[in-house]
Amino acid sequence: MPELPEVETARRLIADEALHRRITDVDDSDTFVCRPHSPGELRAALTDRTLTAARRRGKTMWCETSEDGPDLGIHLGMGGRIVVTSGDGRAAEGGGPRRRDAQPHKAEWNRFTLSFADGGNLVLFDKRRLGRVRLNPAIDALGPDAAEVTPAEFRGLITRGSVAVKARLLDQSRIAGVGNLLADEILWQARVHPATRTDTLRPADADRLYRALESALASAIARGGVHTGDVIAARHPGGSCPRCGAEMRHGTVGGRSTWWCSREQAPTTVRYKDLDPERTGCLPARGGGSLPDDEG
Ligand SMILES: [Zn+2]
């Protein structure tokens with residue numbers, strides 16, 4: 001699933017290639033992808049305008065439009081890609097990585113199209129049809145963008161409450177943009193067990209997680225997606241840690257399939273003695289990777 005780096009790749013493509021080109025037609029006939037809009041509604045709202053800016057918060061992307069027009073929200077779903085074609089037919093793509101075994105584009109997988117006056121277009125290509133296009137998408141429920149959150153904000157967001165730290169990283173209302181693979185990469189880089197309770201994280205842990213977030217994001221954006229992370233190839237049975245060689249462990253944390261290094265991300269049971277049962281109202285969590293889904 002596209003995480004922040006993949007969506008950022010798509011956003012940059014639109015910012016570089018699709019702005020300030022007059023929209024002459026809109027194919028919004030896919031009523032599932034364009035729900036709740038009815039066919040023709042997006043066309044009426046966008047025709048004769050231009051896209052003036054491409055924005056993103058977390059995995060949510062939207063374009064501003066000219067003359068105080070509506071924002072055009074485009075969500076890539078599980079594997080959607082943006083294809084922008086120039087007036088002379090040159091196509092550029094952004095979004096999730098193209099699979100090595102990808103089949104050629106089929107026209108019926110173009111779920112939404114803006115046609116430009118110069119003869120080019122912008123297409124949401126989405127074989128699985130899980131992407132979504134809508135006007136004025138809501139972003140108020142999202143936390144700060146993971147690429148823009150400050151160290152102080154991050155420390156407050158990552159240590160509050162008593163959920164597994166991985167569940168917190170995945171909670172888009174706290175920090176927007178981190179998905180399952182990026183969360184495993186960040187925790188591995190910071191050498192923190194994914195089931196560590198947020199209220200047992202020390203300031204040094206929070207700072208290490210912040211640095212890991214920054215470096216994992218920068219690397220994934222530069223290399224073309226979260227699948228390029230250093231530990232991602234080791235997330236399989238029999239995999240070994242690319243840093244220390246120890247066996248990788250697997251479990252469900254925050255409701256998601258999770259992998260961690262058995263040696264460097266050992267459960268920090270020693271810290272649970274610091275928990276105050278009077279304050280938290282619960283017994284210290286067990287170590288290991290099988291905390292119940294506390295993501296809500
Ligand atoms: Zn290791």
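This is a predicted model: local features need pLDDT of at least 70, side-chain atom pairs count only at pLDDT 80 or more; totals for chains, interfaces and linings use all residues.
Student: Two strands pair if DSSP finds at least two bridges between them. How many bridges join β3 to β4?

Tutor: Three bridges join β3 to strand β4 (residues 72–75), and the two run antiparallel. Residues are numbered from 1 along each chain as its sequence is written.

Student: Which residue is the bridge partner of Trp62 in β4?

Tutor: Gly73 is the bridge partner of Trp62. The β3 and β4 hairpin has six residues between the strands, and Glu67 there takes a positive phi near 50 degrees.

Student: And β2 with β3, over how many bridges do they pair?

Tutor: Six, in the antiparallel sense. Leu51 has Thr65 of β3 as its bridge partner. In that hairpin two residues lie between the strands, and Gly58 has a positive phi near 60 degrees.

Student: Which other residues have a positive phi without being a glycine?

Tutor: Asp48 is one of them, with a phi of about 75 degrees. Asp48 sits in the loop between α2 and β2. His20, in the loop between α1 and β1, has a positive phi near 65 degrees. Most residues other than glycine have a negative phi, and most peptide bonds are trans.

Student: Where is a cis peptide bond, then?

Tutor: Between Arg35 and Pro36, with omega about 5 degrees. Pro36 belongs to the loop between β1 and α2 (41–46).

Student: Back to His20: buried or exposed?

Tutor: His20 counts as exposed because it has 10 C-beta neighbours inside 10 Å.

Student: How many residues of α1 are buried?

Tutor: Eleven of its 14, so the helix is mostly covered. Among them are Leu4, Val7, Leu13 and Ile14.

Student: What do those buried residues pack against?

Tutor: They pack against β2 (51–57), β3 (60–65), β5 (81–85), β6 (91–95) and α6 (203–223). Contact is judged by C-beta atoms, placed from the backbone, lying within 7 Å.

Student: New topic. In what order do the five strands of the open sheet come?

Tutor: The order is β1-β7-β8-β5-β6, with antiparallel pairing. β1 (23–27) and β6 are the edge strands, each pairing on one side only. Within the sheet, β5 and strand β8 (residues 121–125) pair over five bridges, and Ile82 stands opposite Leu124 in β8.

Student: At what angle do α3 and α6 pack?

Tutor: About 115 degrees, with their axes 9 Å apart. Axes are lines fitted to C-alpha atoms, for helices over the stretch in contact, and angles run from 0 to 180 degrees between N-to-C directions.

Student: Which residues of α3 make the contact?

Tutor: Pro151, Phe154, Arg155, Ile158 and Thr159 on the α3 side, facing Pro203, Ala206, Leu209 and Tyr210 of α6. Pro151 lies in α3 (residues 151–159) and is partly exposed, with 13 other C-beta atoms within 10 Å. The C-alpha atoms of Pro151 and Leu209 are separated by 9.9 Å, although the two residues are 58 apart along the chain.

How values were computed. A residue is buried if 20 or more other C-beta atoms lie within 10 Å of its own, exposed if 12 or fewer, and partly exposed in between; C-beta atoms are placed from the backbone. Helices (H or I, at least four residues) and strands (E, at least two) are DSSP runs, numbered from the N terminus. Two residues are in contact if their C-beta atoms, placed from the backbone, lie within 7 Å.
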